[in-house]
Amino acid sequence: MTTPASADSAPRACDLLVRADAVITQDDDRRVLTCAAVAVGDGLVLEVGDYADLEARYEPAQRLDMSGKMLLPGLVNGHTHLPMTLLRGFADDLPLMEWLEGHIWPVEAQLDEDLLGIGARLGCAELIRTGCTAFLNGYFHEHVTGEAASNCGLRAVLGEGFFAFPSPFFPTAEACWEAVRTLEARFRDDPLVRTAVTPHAAFTVPPEVLAASFELAESLDIPWQTHLAESPTETAVCLGKYGMRPVEILRKEGLLSPRVTLHHCVDVTDAEILQLAASGTNVVHNPASNLKLCSGMSPVQKMLDAGVNVGLGTDGASSNNQLNMFRDMGLAALIGKVRHEDASALNARTALDMATRRSARCLGWPELGRIEAGFPADMIALDLSSPNLMPVFNHVSHAVYAATGMEVCMTMVAGEVLYLYGEFRTLDVSDLRKEALRCAKWVRSVSGK
(Lines give C-alpha, C1' and ligand atoms only; values in the text may rest on other atoms or scores of the structure.)
Protein backbone atom coordinates (compact mmCIF):
# COMPACT_ATOMS: atom_id res chain seq x y z
CA MET A 1 0.00 0.00 0.00
CA THR A 2 1.36 3.42 -0.90
CA THR A 3 1.93 6.11 1.74
CA PRO A 4 0.46 9.61 1.23
CA ALA A 5 2.85 12.53 1.15
CA SER A 6 3.36 14.13 4.55
CA ALA A 7 2.17 17.71 5.00
CA ASP A 8 5.50 18.80 6.49
CA SER A 9 7.80 17.04 3.99
CA ALA A 10 9.17 18.18 0.66
CA PRO A 11 6.73 17.82 -2.27
CA ARG A 12 6.54 14.25 -3.46
CA ALA A 13 6.98 13.41 -7.13
CA CYS A 14 4.08 11.81 -8.97
CA ASP A 15 3.31 11.09 -12.60
CA LEU A 16 -0.04 12.86 -12.73
CA LEU A 17 -2.28 15.04 -10.59
CA VAL A 18 -5.93 15.00 -11.66
CA ARG A 19 -8.17 17.79 -10.40
CA ALA A 20 -11.98 17.49 -10.40
CA ASP A 21 -15.07 19.10 -8.90
CA ALA A 22 -16.01 15.76 -7.32
CA VAL A 23 -14.58 12.27 -6.87
CA ILE A 24 -16.78 9.25 -6.19
CA THR A 25 -14.11 7.10 -4.57
CA GLN A 26 -15.99 3.81 -4.07
CA ASP A 27 -13.60 3.16 -1.19
CA ASP A 28 -14.76 1.15 1.83
CA ASP A 29 -16.45 4.25 3.28
CA ARG A 30 -17.94 5.19 -0.12
CA ARG A 31 -16.63 8.74 0.24
CA VAL A 32 -17.66 11.39 -2.27
CA LEU A 33 -15.15 14.26 -2.19
CA THR A 34 -15.63 17.75 -3.63
CA CYS A 35 -12.93 20.17 -4.82
CA ALA A 36 -10.73 17.09 -4.90
CA ALA A 37 -7.73 15.61 -6.66
CA VAL A 38 -6.10 12.25 -7.33
CA ALA A 39 -2.32 11.77 -7.36
CA VAL A 40 -1.13 8.97 -9.67
CA GLY A 41 2.23 7.20 -9.88
CA ASP A 42 3.39 3.97 -11.55
CA GLY A 43 -0.14 3.18 -12.62
CA LEU A 44 -1.53 3.36 -9.10
CA VAL A 45 -3.46 5.89 -7.07
CA LEU A 46 -1.04 7.47 -4.60
CA GLU A 47 -3.58 9.58 -2.75
CA VAL A 48 -7.10 11.00 -3.03
CA GLY A 49 -8.05 14.15 -1.17
CA ASP A 50 -8.59 17.88 -1.11
CA TYR A 51 -7.16 19.55 -4.20
CA ALA A 52 -5.37 22.35 -2.36
CA ASP A 53 -3.71 19.86 -0.02
CA LEU A 54 -2.52 17.56 -2.80
CA GLU A 55 -1.38 20.49 -4.95
CA ALA A 56 0.83 21.64 -2.07
CA ARG A 57 2.25 18.21 -1.31
CA TYR A 58 2.88 16.72 -4.77
CA GLU A 59 5.11 17.73 -7.66
CA PRO A 60 3.47 16.08 -10.68
CA ALA A 61 5.16 15.47 -14.01
CA GLN A 62 1.78 16.28 -15.58
CA ARG A 63 -1.49 17.84 -14.49
CA LEU A 64 -4.94 17.05 -15.80
CA ASP A 65 -7.48 19.75 -14.95
CA MET A 66 -10.95 18.20 -14.93
CA SER A 67 -12.68 21.21 -13.38
CA GLY A 68 -16.41 20.98 -13.93
CA LYS A 69 -16.09 17.20 -14.09
CA MET A 70 -16.83 14.29 -11.77
CA LEU A 71 -14.36 11.42 -11.40
CA LEU A 72 -15.45 7.89 -10.61
CA PRO A 73 -13.80 4.49 -10.94
CA GLY A 74 -13.72 2.93 -14.37
CA LEU A 75 -16.80 0.73 -14.73
CA VAL A 76 -16.29 -3.04 -14.87
CA ASN A 77 -18.34 -5.07 -17.35
CA GLY A 78 -18.93 -8.43 -15.68
CA HIS A 79 -20.22 -10.24 -18.77
CA THR A 80 -19.84 -9.64 -22.46
CA HIS A 81 -18.88 -11.20 -25.78
CA LEU A 82 -16.88 -8.39 -27.34
CA PRO A 83 -16.65 -9.56 -31.00
CA MET A 84 -20.44 -9.87 -31.13
CA THR A 85 -20.47 -6.18 -31.96
CA LEU A 86 -20.36 -7.56 -35.53
CA LEU A 87 -23.91 -8.88 -34.99
CA ARG A 88 -25.38 -5.73 -33.44
CA GLY A 89 -28.97 -5.46 -34.70
CA PHE A 90 -28.61 -8.58 -36.85
CA ALA A 91 -31.41 -10.68 -35.31
CA ASP A 92 -33.62 -8.53 -33.12
CA ASP A 93 -36.93 -9.13 -31.35
CA LEU A 94 -36.62 -12.90 -30.92
CA PRO A 95 -36.71 -15.19 -27.85
CA LEU A 96 -33.45 -16.64 -26.57
CA MET A 97 -33.44 -20.14 -28.08
CA GLU A 98 -34.75 -19.07 -31.50
CA TRP A 99 -32.26 -16.20 -31.54
CA LEU A 100 -29.34 -18.51 -30.70
CA GLU A 101 -30.12 -21.59 -32.74
CA GLY A 102 -31.68 -20.00 -35.79
CA HIS A 103 -29.55 -16.91 -36.25
CA ILE A 104 -26.50 -16.39 -34.03
CA TRP A 105 -24.83 -19.79 -33.93
CA PRO A 106 -24.89 -20.38 -37.73
CA VAL A 107 -23.05 -17.10 -38.37
CA GLU A 108 -20.67 -17.49 -35.42
CA ALA A 109 -19.48 -20.83 -36.76
CA GLN A 110 -18.08 -19.04 -39.83
CA LEU A 111 -16.22 -16.21 -38.10
CA ASP A 112 -12.45 -16.09 -38.65
CA GLU A 113 -9.74 -14.34 -36.66
CA ASP A 114 -9.69 -11.28 -38.92
CA LEU A 115 -13.40 -10.67 -38.38
CA LEU A 116 -13.15 -11.38 -34.66
CA GLY A 117 -10.35 -8.85 -34.36
CA ILE A 118 -12.44 -6.14 -35.96
CA GLY A 119 -15.37 -6.93 -33.68
CA ALA A 120 -13.11 -6.90 -30.63
CA ARG A 121 -11.56 -3.54 -31.51
CA LEU A 122 -14.98 -2.08 -32.16
CA GLY A 123 -16.10 -3.33 -28.75
CA CYS A 124 -13.01 -1.85 -27.10
CA ALA A 125 -13.77 1.52 -28.67
CA GLU A 126 -17.32 1.45 -27.32
CA LEU A 127 -16.19 0.46 -23.84
CA ILE A 128 -13.57 3.21 -23.74
CA ARG A 129 -16.03 5.81 -25.01
CA THR A 130 -18.63 4.92 -22.37
CA GLY A 131 -16.30 4.68 -19.39
CA CYS A 132 -15.68 0.95 -19.00
CA THR A 133 -12.09 0.01 -18.15
CA ALA A 134 -12.28 -3.76 -17.57
CA PHE A 135 -14.43 -6.62 -18.86
CA LEU A 136 -15.05 -10.36 -18.47
CA ASN A 137 -15.29 -11.91 -21.92
CA GLY A 138 -16.39 -15.22 -23.34
CA TYR A 139 -16.04 -16.10 -27.02
CA PHE A 140 -13.84 -17.92 -29.53
CA HIS A 141 -10.18 -17.49 -30.53
CA GLU A 142 -9.87 -15.35 -27.44
CA HIS A 143 -6.25 -14.47 -28.07
CA VAL A 144 -7.62 -12.08 -30.69
CA THR A 145 -9.74 -10.23 -28.12
CA GLY A 146 -6.83 -10.29 -25.72
CA GLU A 147 -4.52 -8.62 -28.21
CA ALA A 148 -7.18 -6.01 -28.97
CA ALA A 149 -7.71 -5.21 -25.30
CA SER A 150 -3.99 -5.07 -24.52
CA ASN A 151 -3.25 -2.82 -27.50
CA CYS A 152 -6.15 -0.52 -26.59
CA GLY A 153 -5.09 -0.35 -22.95
CA LEU A 154 -8.13 -2.05 -21.43
CA ARG A 155 -8.18 -4.74 -18.77
CA ALA A 156 -9.76 -8.05 -19.79
CA VAL A 157 -10.41 -11.52 -18.43
CA LEU A 158 -10.76 -13.88 -21.40
CA GLY A 159 -12.70 -17.13 -21.64
CA GLU A 160 -12.44 -19.53 -24.57
CA GLY A 161 -16.05 -20.61 -25.03
CA PHE A 162 -16.96 -24.23 -25.68
CA PHE A 163 -20.00 -26.43 -26.06
CA ALA A 164 -20.48 -30.20 -25.98
CA PHE A 165 -17.80 -31.93 -28.03
CA PRO A 166 -17.27 -32.12 -30.92
CA SER A 167 -18.05 -28.48 -31.76
CA PRO A 168 -17.23 -26.14 -34.66
CA PHE A 169 -14.19 -24.96 -32.69
CA PHE A 170 -12.95 -28.00 -30.74
CA PRO A 171 -13.16 -31.65 -31.81
CA THR A 172 -12.48 -32.93 -28.27
CA ALA A 173 -12.35 -31.73 -24.69
CA GLU A 174 -8.60 -32.27 -24.69
CA ALA A 175 -8.22 -29.87 -27.63
CA CYS A 176 -10.17 -27.23 -25.72
CA TRP A 177 -8.14 -27.72 -22.53
CA GLU A 178 -4.94 -27.28 -24.53
CA ALA A 179 -6.30 -24.06 -26.06
CA VAL A 180 -7.12 -22.75 -22.58
CA ARG A 181 -3.62 -23.58 -21.32
CA THR A 182 -2.08 -21.89 -24.36
CA LEU A 183 -4.22 -18.77 -23.83
CA GLU A 184 -3.28 -18.59 -20.14
CA ALA A 185 0.43 -18.92 -20.94
CA ARG A 186 0.21 -16.32 -23.69
CA PHE A 187 -1.11 -13.58 -21.39
CA ARG A 188 0.45 -14.69 -18.10
CA ASP A 189 2.85 -11.75 -18.06
CA ASP A 190 0.48 -9.16 -19.53
CA PRO A 191 -0.52 -6.72 -16.77
CA LEU A 192 -3.86 -6.01 -18.45
CA VAL A 193 -5.07 -9.42 -19.60
CA ARG A 194 -6.03 -12.53 -17.63
CA THR A 195 -7.92 -15.74 -18.47
CA ALA A 196 -10.84 -17.86 -17.31
CA VAL A 197 -12.36 -21.25 -18.16
CA THR A 198 -15.66 -20.74 -19.96
CA PRO A 199 -18.13 -23.55 -20.72
CA HIS A 200 -21.15 -22.09 -22.47
CA ALA A 201 -24.01 -23.29 -20.27
CA ALA A 202 -25.45 -26.21 -18.34
CA PHE A 203 -27.84 -26.98 -21.21
CA THR A 204 -25.09 -27.10 -23.87
CA VAL A 205 -22.24 -28.76 -21.92
CA PRO A 206 -22.74 -32.13 -20.15
CA PRO A 207 -22.25 -32.20 -16.38
CA GLU A 208 -19.13 -34.36 -16.53
CA VAL A 209 -17.50 -31.92 -18.95
CA LEU A 210 -18.46 -28.97 -16.75
CA ALA A 211 -16.75 -30.76 -13.86
CA ALA A 212 -13.62 -31.52 -15.90
CA SER A 213 -13.38 -27.88 -16.98
CA PHE A 214 -13.64 -26.74 -13.37
CA GLU A 215 -10.71 -29.01 -12.49
CA LEU A 216 -8.75 -27.24 -15.23
CA ALA A 217 -9.61 -23.83 -13.74
CA GLU A 218 -8.46 -25.04 -10.33
CA SER A 219 -5.19 -26.38 -11.73
CA LEU A 220 -4.46 -23.04 -13.42
CA ASP A 221 -5.87 -21.04 -10.47
CA ILE A 222 -8.10 -18.94 -12.72
CA PRO A 223 -11.83 -18.07 -12.64
CA TRP A 224 -14.54 -20.33 -14.05
CA GLN A 225 -17.60 -18.75 -15.67
CA THR A 226 -20.73 -19.94 -17.44
CA HIS A 227 -24.24 -18.85 -18.43
CA LEU A 228 -26.79 -20.26 -16.00
CA ALA A 229 -30.55 -20.18 -15.44
CA GLU A 230 -30.93 -17.50 -18.09
CA SER A 231 -34.60 -18.28 -18.75
CA PRO A 232 -37.39 -20.72 -17.86
CA THR A 233 -36.84 -22.32 -21.27
CA GLU A 234 -33.26 -23.18 -20.32
CA THR A 235 -34.51 -24.70 -17.07
CA ALA A 236 -36.97 -26.85 -19.01
CA VAL A 237 -34.19 -28.11 -21.29
CA CYS A 238 -32.02 -29.05 -18.29
CA LEU A 239 -34.93 -30.83 -16.60
CA GLY A 240 -35.59 -32.74 -19.81
CA LYS A 241 -31.95 -33.76 -20.30
CA TYR A 242 -30.81 -34.39 -16.73
CA GLY A 243 -33.87 -34.25 -14.48
CA MET A 244 -32.30 -31.30 -12.64
CA ARG A 245 -32.54 -27.54 -12.68
CA PRO A 246 -29.38 -25.63 -13.74
CA VAL A 247 -28.23 -24.66 -10.23
CA GLU A 248 -28.75 -28.22 -9.01
CA ILE A 249 -26.54 -29.53 -11.83
CA LEU A 250 -23.70 -27.33 -10.67
CA ARG A 251 -24.30 -28.08 -6.98
CA LYS A 252 -24.23 -31.82 -7.59
CA GLU A 253 -20.94 -31.55 -9.48
CA GLY A 254 -19.36 -29.37 -6.77
CA LEU A 255 -19.23 -26.33 -9.05
CA LEU A 256 -20.51 -23.65 -6.71
CA SER A 257 -17.60 -21.71 -5.20
CA PRO A 258 -15.98 -18.25 -5.01
CA ARG A 259 -14.00 -19.19 -8.14
CA VAL A 260 -17.28 -19.34 -10.09
CA THR A 261 -19.15 -16.53 -11.83
CA LEU A 262 -22.61 -17.29 -13.19
CA HIS A 263 -24.16 -15.08 -15.83
CA HIS A 264 -27.86 -14.14 -15.69
CA CYS A 265 -29.48 -16.32 -12.94
CA VAL A 266 -32.95 -15.16 -13.92
CA ASP A 267 -34.86 -18.38 -13.17
CA VAL A 268 -33.62 -19.21 -9.67
CA THR A 269 -35.61 -20.23 -6.60
CA ASP A 270 -35.24 -18.90 -3.06
CA ALA A 271 -33.55 -22.16 -2.03
CA GLU A 272 -31.09 -21.89 -4.93
CA ILE A 273 -30.27 -18.31 -3.97
CA LEU A 274 -29.32 -19.52 -0.50
CA GLN A 275 -27.07 -22.16 -2.05
CA LEU A 276 -25.33 -19.53 -4.16
CA ALA A 277 -24.81 -17.33 -1.11
CA ALA A 278 -23.52 -20.13 1.12
CA SER A 279 -21.00 -21.24 -1.51
CA GLY A 280 -19.67 -17.73 -2.26
CA THR A 281 -20.60 -18.07 -5.93
CA ASN A 282 -20.68 -14.82 -7.92
CA VAL A 283 -23.53 -13.77 -10.22
CA VAL A 284 -23.60 -11.18 -13.01
CA HIS A 285 -26.89 -9.42 -13.78
CA ASN A 286 -27.54 -8.48 -17.43
CA PRO A 287 -30.75 -6.45 -17.38
CA ALA A 288 -30.85 -5.09 -20.95
CA SER A 289 -30.11 -8.45 -22.55
CA ASN A 290 -32.62 -10.26 -20.33
CA LEU A 291 -35.32 -7.76 -21.24
CA LYS A 292 -34.57 -7.80 -24.97
CA LEU A 293 -34.65 -11.60 -25.17
CA CYS A 294 -37.67 -11.69 -22.85
CA SER A 295 -35.77 -14.03 -20.53
CA GLY A 296 -37.25 -12.45 -17.41
CA MET A 297 -36.18 -10.22 -14.52
CA SER A 298 -33.54 -11.60 -12.18
CA PRO A 299 -34.34 -11.44 -8.42
CA VAL A 300 -31.24 -9.35 -7.77
CA GLN A 301 -32.29 -7.73 -4.50
CA LYS A 302 -33.14 -11.16 -3.08
CA MET A 303 -29.69 -12.38 -4.01
CA LEU A 304 -28.03 -9.33 -2.51
CA ASP A 305 -30.05 -9.66 0.69
CA ALA A 306 -29.00 -13.30 0.94
CA GLY A 307 -25.33 -12.32 0.64
CA VAL A 308 -24.64 -13.19 -3.00
CA ASN A 309 -22.05 -11.00 -4.72
CA VAL A 310 -23.89 -9.69 -7.79
CA GLY A 311 -22.05 -7.75 -10.48
CA LEU A 312 -23.33 -6.13 -13.65
CA GLY A 313 -22.78 -6.82 -17.34
CA THR A 314 -24.05 -5.82 -20.74
CA ASP A 315 -23.89 -9.25 -22.41
CA GLY A 316 -22.99 -9.03 -26.10
CA ALA A 317 -24.02 -6.23 -28.45
CA SER A 318 -26.18 -8.68 -30.40
CA SER A 319 -28.57 -9.16 -27.46
CA ASN A 320 -28.24 -5.69 -25.96
CA ASN A 321 -27.24 -3.55 -28.96
CA GLN A 322 -24.99 -1.55 -26.64
CA LEU A 323 -21.93 -2.15 -24.48
CA ASN A 324 -22.82 0.83 -22.33
CA MET A 325 -22.56 0.10 -18.63
CA PHE A 326 -24.28 3.37 -17.70
CA ARG A 327 -27.40 2.17 -19.48
CA ASP A 328 -27.33 -1.16 -17.67
CA MET A 329 -26.71 0.52 -14.31
CA GLY A 330 -29.85 2.57 -14.71
CA LEU A 331 -31.88 -0.37 -15.97
CA ALA A 332 -30.71 -2.58 -13.11
CA ALA A 333 -31.92 -0.06 -10.55
CA LEU A 334 -35.26 0.56 -12.25
CA ILE A 335 -36.02 -3.08 -12.97
CA GLY A 336 -35.03 -4.06 -9.45
CA LYS A 337 -37.75 -1.85 -8.03
CA VAL A 338 -40.44 -3.31 -10.27
CA ARG A 339 -39.22 -6.89 -9.80
CA HIS A 340 -39.44 -6.59 -6.02
CA GLU A 341 -42.34 -4.09 -5.90
CA ASP A 342 -40.26 -1.80 -3.71
CA ALA A 343 -39.06 1.69 -4.68
CA SER A 344 -36.10 1.35 -2.32
CA ALA A 345 -34.88 -1.91 -3.87
CA LEU A 346 -31.61 -1.86 -5.78
CA ASN A 347 -30.88 1.77 -5.00
CA ALA A 348 -28.35 3.97 -6.79
CA ARG A 349 -25.52 3.13 -4.40
CA THR A 350 -26.12 -0.59 -4.92
CA ALA A 351 -26.24 -0.25 -8.69
CA LEU A 352 -22.93 1.63 -8.72
CA ASP A 353 -21.39 -0.99 -6.44
CA MET A 354 -22.53 -3.67 -8.89
CA ALA A 355 -20.90 -1.86 -11.81
CA THR A 356 -17.61 -1.33 -9.97
CA ARG A 357 -16.50 -3.24 -6.87
CA ARG A 358 -18.91 -6.16 -7.19
CA SER A 359 -18.17 -6.74 -10.87
CA ALA A 360 -14.46 -6.56 -10.07
CA ARG A 361 -14.93 -9.51 -7.72
CA CYS A 362 -16.73 -11.38 -10.50
CA LEU A 363 -13.62 -10.93 -12.65
CA GLY A 364 -11.42 -12.27 -9.86
CA TRP A 365 -9.78 -8.82 -9.83
CA PRO A 366 -11.09 -7.29 -6.56
CA GLU A 367 -8.60 -4.41 -6.48
CA LEU A 368 -10.47 -2.77 -9.38
CA GLY A 369 -13.58 -0.60 -9.10
CA ARG A 370 -12.35 2.02 -6.61
CA ILE A 371 -10.26 5.20 -6.48
CA GLU A 372 -8.15 4.59 -3.42
CA ALA A 373 -4.48 4.83 -2.46
CA GLY A 374 -2.57 1.73 -3.49
CA PHE A 375 -5.13 0.57 -6.04
CA PRO A 376 -4.98 0.76 -9.86
CA ALA A 377 -5.48 4.23 -11.34
CA ASP A 378 -8.46 3.24 -13.48
CA MET A 379 -10.89 6.15 -13.57
CA ILE A 380 -13.28 8.07 -15.77
CA ALA A 381 -14.68 11.60 -15.82
CA LEU A 382 -18.22 12.80 -16.51
CA ASP A 383 -18.81 16.33 -17.77
CA LEU A 384 -21.13 17.99 -15.24
CA SER A 385 -21.92 20.78 -17.71
CA SER A 386 -24.09 18.39 -19.69
CA PRO A 387 -27.68 19.65 -19.26
CA ASN A 388 -28.93 16.26 -18.04
CA LEU A 389 -26.43 16.41 -15.15
CA MET A 390 -27.50 19.81 -13.82
CA PRO A 391 -28.06 20.65 -11.01
CA VAL A 392 -26.21 18.19 -8.76
CA PHE A 393 -27.72 17.14 -5.45
CA ASN A 394 -26.33 13.61 -5.28
CA HIS A 395 -23.36 12.56 -7.40
CA VAL A 396 -24.03 8.84 -7.11
CA SER A 397 -27.65 9.30 -8.12
CA HIS A 398 -26.53 11.26 -11.18
CA ALA A 399 -24.09 8.53 -12.22
CA VAL A 400 -26.83 5.89 -12.11
CA TYR A 401 -30.06 7.65 -13.06
CA ALA A 402 -29.05 10.74 -15.08
CA ALA A 403 -25.86 9.85 -16.94
CA THR A 404 -26.10 8.17 -20.34
CA GLY A 405 -22.42 7.36 -20.89
CA MET A 406 -22.10 10.04 -23.54
CA GLU A 407 -20.99 12.50 -20.85
CA VAL A 408 -17.75 10.52 -20.42
CA CYS A 409 -14.94 12.88 -21.40
CA MET A 410 -11.96 10.96 -20.03
CA THR A 411 -11.12 7.28 -19.64
CA MET A 412 -7.92 6.16 -17.90
CA VAL A 413 -6.42 2.74 -17.18
CA ALA A 414 -3.33 2.24 -15.02
CA GLY A 415 -2.68 5.98 -15.14
CA GLU A 416 -2.73 6.12 -18.95
CA VAL A 417 -5.38 8.25 -20.63
CA LEU A 418 -7.11 6.26 -23.38
CA TYR A 419 -9.75 8.84 -24.30
CA LEU A 420 -9.93 12.58 -23.69
CA TYR A 421 -12.47 15.10 -24.99
CA GLY A 422 -13.42 13.10 -28.08
CA GLU A 423 -9.93 11.84 -28.90
CA PHE A 424 -9.20 8.10 -28.85
CA ARG A 425 -5.52 7.74 -28.04
CA THR A 426 -5.11 4.01 -28.65
CA LEU A 427 -7.50 3.44 -31.55
CA ASP A 428 -8.06 4.78 -35.07
CA VAL A 429 -11.85 4.92 -35.14
CA SER A 430 -12.04 6.17 -38.73
CA ASP A 431 -10.29 3.03 -40.01
CA LEU A 432 -12.38 0.93 -37.64
CA ARG A 433 -15.57 2.27 -39.19
CA LYS A 434 -14.44 1.16 -42.65
CA GLU A 435 -13.65 -2.30 -41.33
CA ALA A 436 -17.03 -2.53 -39.60
CA LEU A 437 -18.82 -1.74 -42.88
CA ARG A 438 -16.86 -4.54 -44.57
CA CYS A 439 -17.91 -6.95 -41.82
CA ALA A 440 -21.56 -5.99 -42.23
CA LYS A 441 -21.39 -7.00 -45.90
CA TRP A 442 -19.88 -10.34 -44.90
CA VAL A 443 -22.62 -11.05 -42.33
CA ARG A 444 -25.32 -10.31 -44.92
CA SER A 445 -23.67 -12.60 -47.45
CA VAL A 446 -23.29 -15.63 -45.19
CA SER A 447 -26.71 -15.24 -43.54
CA GLY A 448 -28.66 -14.53 -46.70
CA LYS A 449 -30.20 -11.43 -45.09
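Select C439 in this predicted model: at 1% relative accessibility, C439 counts as buried. Its sulfur has the sulfur of C124 as the closest cysteine sulfur, and at 14 Å that is too far for a bond. The structure as a whole holds 0 disulfides. C132 is likewise in no disulfide; its nearest cysteine sulfur, again that of C124, is 9.6 Å away. C132 is buried, at a relative accessible area of 0%.

Next, select residues 113-129, which form helix 3. With 17 residues at 1.5 Å a residue, helix 3 should span 24 Å, and the 24 Å between its end C-alpha atoms agrees. Of these 17 residues, 13 are buried, so the helix is mostly covered. Show side chains at the start of helix 3: an oxygen from the side chain of D112 comes within 3.2 Å of the backbone nitrogen of D114. After the helix comes G131, with a positive phi near 80 degrees.

Now turn to the aromatic rings, where a search of the whole structure gives 9 pairs. Pick F214 and W224, an edge-to-face pair with centres 5.9 Å apart and planes at 85 degrees. F214 belongs to helix 6 (residues 207-220) and W224 to strand 9 (residues 224-228), so the pair ties together parts 10 residues apart in sequence. F214 is buried at 6% relative accessible area, and W224 is buried at 0%. Then select W105, Y139, F140, F163 and F169, a cluster linked by ring pairs.

The charged end of R19 lies over the ring of Y51, 4.0 Å from the ring centre. That of R194 sits over the ring of W365, 3.8 Å from its centre.

Notes: Residues are numbered from 1 along each chain as its sequence is written. This is a predicted model: local features need pLDDT of at least 70, side-chain atom pairs count only at pLDDT 80 or more; totals for chains, interfaces and linings use all residues. Side-chain values use heavy atoms; hydrogens and water are left out. Helices (H or I, at least four residues) and strands (E, at least two) are DSSP runs, numbered from the N terminus. The expected span of a helix is 1.5 Å times one less than its number of residues. Buried means under 20% relative accessible area, exposed over 50%, partly exposed in between (1.4 Å probe, protein chains only). A polar contact is a pair of N or O atoms within 3.5 Å; within protein, one must be able to donate a hydrogen and the other to accept it, and residues adjacent in sequence count only if both atoms are side-chain atoms. A disulfide is a pair of cysteine sulfur atoms within 2.5 Å. Rings of Phe, Tyr and Trp (its six-membered ring) pair if their centres lie within 6.5 Å; planes under 30 degrees apart count as stacked, over 60 as edge-to-face and the rest as tilted. A charge sits over a ring if NZ of Lys or CZ of Arg is within 6 Å of the ring centre and within 35 degrees of the ring normal.
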